[in-house]
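Please look over the structure shown here before reading on. The notes that follow are grouped by topic.

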Amino acid sequence: MEKIKLCKPFSFEGKEYTEVELKHLDEMTVKDVIEVQKETAANASATLATVSSTAFIIGLLARAAEMPVEFFKLMPMQSMKEARMEIMKRFGSNEKKPHDGKLELEKPYTYKGKSYTVVEFPGASKLCGMDMMEAEDTIAEEGFVAPYPQGNYLYCCVLMARASGLPEEFFTGLPMNEATKIKNAVESKDFFE
């Protein structure tokens with residue numbers, strides 16, 4: 001559980017805060033990331049630069065702290081910058097690394113009684129335009145308007161599921177810190193090779 005010390009006391013709805021407890025940050029999953037991405041989709045900056053957009057960061061902070069988004073919208077900027085860094089640390093590097101047909105997980109992940117440290121996706125080379133269209137249909141059915149679908153976490157989970165043979169819920173259940181790895185793998189130039 002992370003606590004963010006505020007740079008100065010901050011009053012919100014009649015209560016003064018000197019820190020914010022992000023009590024659910026360690027439990028958040030890729031599904032939380034997808035839900036916040038969907039909630040913030042109306043914000044143009046969130047659509048274009050999801051991970052770095054303030055709207056997206058605020059949505060994740062609000063979820064982690066069980067506080068209204070307005071709290072973070074009104075938070076003093078220096079404290080907001082520190083809170084942003086807590087979220088950004090969870091997403092790790094946005095650097096695109098070669099993946100060699102596998103996704104190495106930060107920690108072992110148990111799904112339906114089986115533990116995974118690596119996810120292989122040998123079926124990626126067999127995916128076709130139809131798979132991309134169906135992934136786009138999936139995100140549209142979920143209410144996303146995605147001018148750049150590859151930046152959509154659900155889209156990436158759908159394609160990763162098809163490439164690996166594992167169900168979509170396997171990927172949406174991964175810890176939040178795996179979201180960028182999934183997106184980077186699907187976005188890489190050699191994913192479909």
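In this predicted model, Glu 16 counts as exposed, because its relative accessibility is 53% and exposed means over 50%. Glu 16 is found in strand β2. Leaving aside neighbours within four places in sequence, Glu 16 is in contact with Pro 9, Phe 10 and Ser 11. The points below set this residue in its strand pair and then go through the rest of the chain.

**The chain as a whole**

- The protein chain contains nine helices and four strands.
- Along the sequence, these elements follow the pattern β-β-α-α-α-α-α-β-β-α-α-α-α.
- The protein chain has 193 residues, and 47% of them count as buried.
- The accessible surface of the protein chain is about 10200 Å², with 52% of that belonging to carbon and sulfur atoms.
- If we take the contacts between residues at least 6 apart in sequence, 64% join residues at least 24 apart.

**Strands β1 and β2**

- Strand β1 covers residues 2-12 and strand β2 covers residues 15-22; the two run antiparallel and are joined by seven bridges.
- Across this pair, Lys 5 stands opposite Glu 19 in β2.
- The two strands form a hairpin, with two residues between them.
- Glu 13 lies in the loop between β1 and β2.
- Glu 13 is not a glycine, yet its phi is positive, at about 50°.
- Glu 13 counts as exposed because its relative accessibility is 70%, and the cut-off for exposed is over 50%.

**Strands β3 and β4**

- Strand β3 is joined to strand β4 (residues 114-120) by six bridges, and the two strands run antiparallel.
- Lys 102 stands opposite Glu 120 in β4.
- These strands also form a hairpin with two residues between them, and there Lys 112 takes a positive phi near 50°.
- Glu 104 is found in strand β3.
- With a relative accessible area of 51%, Glu 104 is exposed.
- Not counting residues up to four places away in sequence, Glu 104 touches Thr 117, Val 118, Glu 178 and Lys 181.
- Glu 104 and Glu 120 are 16 residues apart along the chain, and their C-alpha atoms are separated by 8.6 Å.
- In a regular strand, side chains alternate between the two faces of the sheet.

**Helix pairs**

- Two packed helices are described by the angle between their axes and the distance between the axes.
- For α1 and α7, the axes come within 9 Å and cross at roughly 135°.
- The helices α1 and α7 are therefore oblique to each other.
- On the α1 side, the contact is made by Val 30, Val 33, Ile 34 and Gln 37, and on the α7 side by Tyr 153, Leu 154 and Cys 157.
- The residues of this contact divide into six nonpolar, one polar and no charged.
- For helix α3 (residues 54-65) and α5, the axes come within 10 Å and cross at roughly 85°.
- In α3, Thr 54, Phe 56, Ile 57, Ile 58, Leu 60 and Leu 61 meet residues of α5, namely Met 80, Ala 83, Arg 84, Ile 87, Met 88 and Phe 91.
- The contact of α3 with α5 divides into ten nonpolar residues, one polar and one charged.

- Glu 66 is placed in the loop between α3 and α4 (69-74).
- Phi of Glu 66 is near 55°, which is a positive value in a residue other than glycine.
- Glu 66 is exposed, and its relative accessible area is 53%.

**Helix α9**

- Is helix α9, residues 179-187, mostly covered or mostly uncovered?
- Helix α9 is mostly covered, as eight of its nine residues are buried.
- The buried residues in α9 are Ala 179, Thr 180, Ile 182, Lys 183, Asn 184, Ala 185, Val 186 and Glu 187.

Technical notes. Residues are numbered from 1 along each chain as its sequence is written. This is a predicted model: local features need pLDDT of at least 70, side-chain atom pairs count only at pLDDT 80 or more; totals for chains, interfaces and linings use all residues. Side-chain values use heavy atoms; hydrogens and water are left out. Buried means under 20% relative accessible area, exposed over 50%, partly exposed in between (1.4 Å probe, protein chains only). Contact means heavy atoms within 4.5 Å. Accessible areas come from the Shrake-Rupley method with a 1.4 Å probe; for residues, only the protein chains shown count as cover. Two strands pair if DSSP finds at least two bridges between them. Axes are lines fitted to C-alpha atoms, for helices over the stretch in contact, and angles run from 0 to 180 degrees between N-to-C directions. Angles under 35 degrees count as roughly parallel, over 145 as roughly antiparallel, 65 to 115 as roughly perpendicular and the rest as oblique. Ala, Val, Leu, Ile, Met, Phe, Trp, Tyr, Cys and Pro count as nonpolar, Asp, Glu, Lys and Arg as charged, and the others, Gly among them, as polar.
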